[in-house]
Structures are given as structure tokens and as C-alpha cells.
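Me: I've got a structure open and want a quick tour. Can you take my questions one by one?

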Amino acid sequence: MKRNKWADHYSRRARQEAWLARSVYKLQELDKKFHIFRPGQRVLDLGCSPGSWSQYASSKVGSKGEVIGIDLNRVETPISDGFRFMEADILELDPESLLSQIGTVDVVISDLAPRTSGARDVDAARSMALSEKAMEVADRVLKPGGKFVCKVFESGDLPGFKGSLQRRYRQVKALRPKAVRKGSREIYLVGLSKIDNQEAREV
Ligand SMILES: C[S@@+](CC[C@H](N)C(=O)[O-])C[C@H]1O[C@@H](n2cnc3c(N)ncnc32)[C@H](O)[C@@H]1O
């Protein structure tokens, strides 16, 4: 019998541990390294479906915290009492009206990924458009001092994107978690401590 290529160590472990996707182990590694979550925080999860990052964030922020997830696809499984889902195309979202709907948050996490076309350049450009939109949303809704986690794909546009984050966050770290599939060009950038908009203008 042919082995299912997706049934790797992390997917089997996710099933055993009742996580909704294997991607949870990427966020877990990022959290262990950069101490992203604390009890009581408000978190915005962009591209949250099927829901493992929201599950993980909910378990970390606890009953006094809140997680708001946005995706084109519904989250079908109940996550926690403090989880709220919004069905939306992030590319169509106006960050200002999102701010008026949800208020400010302590952490923005984005695992947004476009449906792949197979054409490397097209996929890299679509992915970068999603990462830039996530950054724009974080510009509006993330509190000063807040943290931003963003999936990106290695491409010629990546240094420019990293530079944009370095102008917005006191520190920007890059990590390729162990759970990233072999051959994938995916890495994660983490903005630690968002610079106050006022301060950024004065620099
Ligand atoms: C890799 S999955 C996220 C997995 C999720 N972090 C988890 O742990 O369950 C990427 C998600 O991005 C969403 N997505 C892609 N483009 C989007 C868009 N324009 N607006 C909203 N969501 C989008 C997809 O629907 C998909 O659910």
C-alpha cells in the first residue's frame, strides 16, 4: 500500500493530540522561542481555518483572553468560549472598519496562504500580497508593544518586506520551524514590540 504523503509525523501527532492541523507545531515552536502569548491577551488570527492556531492561542490566553479569527473558509469545529470567527476576504477588508468592529489587540498572527497555482512567481506574488495586507491590518489594530507573526515565502520581495517590518517593530526575527514541510519555501517573521505610530513618525 502506498503511504499517504501527508500522514507525516506532525499530522499523526496533531490527530493524537486533538489539534485541528499540523501547523500548530509551527506556532508552538515560535511561541517557545519568542514568548508570544500571555494569559488575558486579545489575539487576531488571520487565515485561521481550520483552526489549530486559534486553538493554540486560545489555550494560551485562557478564559480572560479572546481570539478573533478571520478566513474565507469557516471554522467548523468549536474552539473555545473566547473565540469569535469572521468570514471575510482579508484582501477586501478595510483595516479602519475592522478596528471599529474588534478594537485593538495584543497579538496579530497570520498564517495566510493563497491557493497555489503551481506557477512559482504567481504564487510568490499572491503570498506577498497577503503578507503585506496582514502587515497593514496589524498597523491599524495592533497596540504599541504588540507582537506580529507572519508567514512569508522566500522570494526576491522578502528583504523589502522584512525592511518594512523593521521600520515598524523594535526587533524582527526569522524562523523556519521544524514542522515546515521539506522543500517548502515558507518561513515566519516575528515583529517583537510594535513601535508607537507617533514615535515612528518622529524618527
Ligand atoms: C495554511 S491555512 C491556515 C491554517 C491555520 N493557521 C491553522 O492552524 O489551522 C491558510 C488559510 O489562509 C486562508 N486564506 C487565504 N487567502 C485568504 C484571504 N484572501 N482572506 C482570508 N483568508 C484567506 C485560507 O482559506 C486558509 O484557510
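Me: Which residues have the most contacts inside the largest nonpolar core?
Reply: Leu46, Val108 and Ala134. That core has 44 residues. A nonpolar core here is a set of buried Ala, Val, Leu, Ile, Met, Phe, Trp, Tyr and Cys residues joined through C-beta atoms within 7 Å. Buried means 20 or more other C-beta atoms within 10 Å of the residue's own; exposed means 12 or fewer; partly exposed is in between; C-beta atoms are placed from the backbone.

Me: Which elements supply at least two residues of this core?
Reply: H2, S1, H3, S2 (66-71), S4 (105-110), H5 (120-141), S5 and S7 each do. H is a helix (a DSSP run of H or I, at least four residues) and S a strand (a run of E, at least two), numbered from the N terminus.

Me: Before we go on, what kind of model is it, and how is it numbered?
Reply: It is a predicted model: local features need pLDDT of at least 70, side-chain atom pairs count only at pLDDT 80 or more, and totals for chains, interfaces and linings use all residues. Residues are numbered from 1 along each chain as its sequence is written.

Me: Back to Leu46. What is in contact with it, leaving aside neighbours within four places in sequence?
Reply: Ile70, Ile90, Val108, Ser110, Leu112, Ala134 and Val137. Contact means that the C-beta atoms, placed from the backbone, lie within 7 Å.

Me: Zoom out. How many helices and strands are there?
Reply: Seven helices and seven strands. From the N terminus the order is α-α-β-α-β-β-α-β-α-β-α-β-β-α. The radius of gyration, taken over C-alpha atoms, is 16 Å, close to the 17 Å that the globule rule gives for 203 residues, so the chain is as compact as a globular protein of that length. That rule is 2.2 Å times the number of residues to the power 0.38.

Me: What percentage of the residues is buried?
Reply: 34% of the 203 residues. As for contacts between residues at least 6 apart in sequence, 65% join residues at least 24 apart.

Me: Is H3 largely enclosed or open?
Reply: Eight of the ten residues of H3 are buried, so the helix is largely enclosed by the rest of the structure. Among them are Trp53, Tyr56 and Val61. The cover includes H1, H2, S1, S2, S3 (83-87) and S4.

Me: What joins Ser49 and Pro50?
Reply: A cis peptide bond, with omega about 5 degrees. Pro50 sits in the loop between S1 (42-46) and H3 (52-61).

Me: And the ligand? Which residues are closest?
Reply: Gly47, Ser49, Ser52, Ile90 and Asp111. They belong to a set of 22 residues around the ligand; a residue is near if its C-beta atom, placed from the backbone, lies within 6 Å. By class, the shell has 13 nonpolar, six polar and three charged residues. Ala, Val, Leu, Ile, Met, Phe, Trp, Tyr, Cys and Pro count as nonpolar; Asp, Glu, Lys and Arg as charged; the others, Gly among them, as polar.

Me: New topic. How do S5 and S7 run?
Reply: Antiparallel. Six bridges join S5 (142-153) to S7 (186-194). Strands pair if DSSP finds at least two bridges between them.

Me: What about S6 and S7?
Reply: S6 (169-175) pairs with S7 in the antiparallel sense, over six bridges. There, Gln171 has Leu192 as its bridge partner.

Me: Is Met135 buried or exposed?
Reply: Buried, with 20 other C-beta atoms within 10 Å. Met135 is in H5. It touches Cys150, Ser164 and Leu165, not counting residues up to four places away in sequence.

Me: Where is Ser164?
Reply: In H6 (158-168). Ser164 counts as partly exposed, with 16 C-beta neighbours inside 10 Å.

Technical notes
Two residues are in contact if their C-beta atoms, placed from the backbone, lie within 7 Å.
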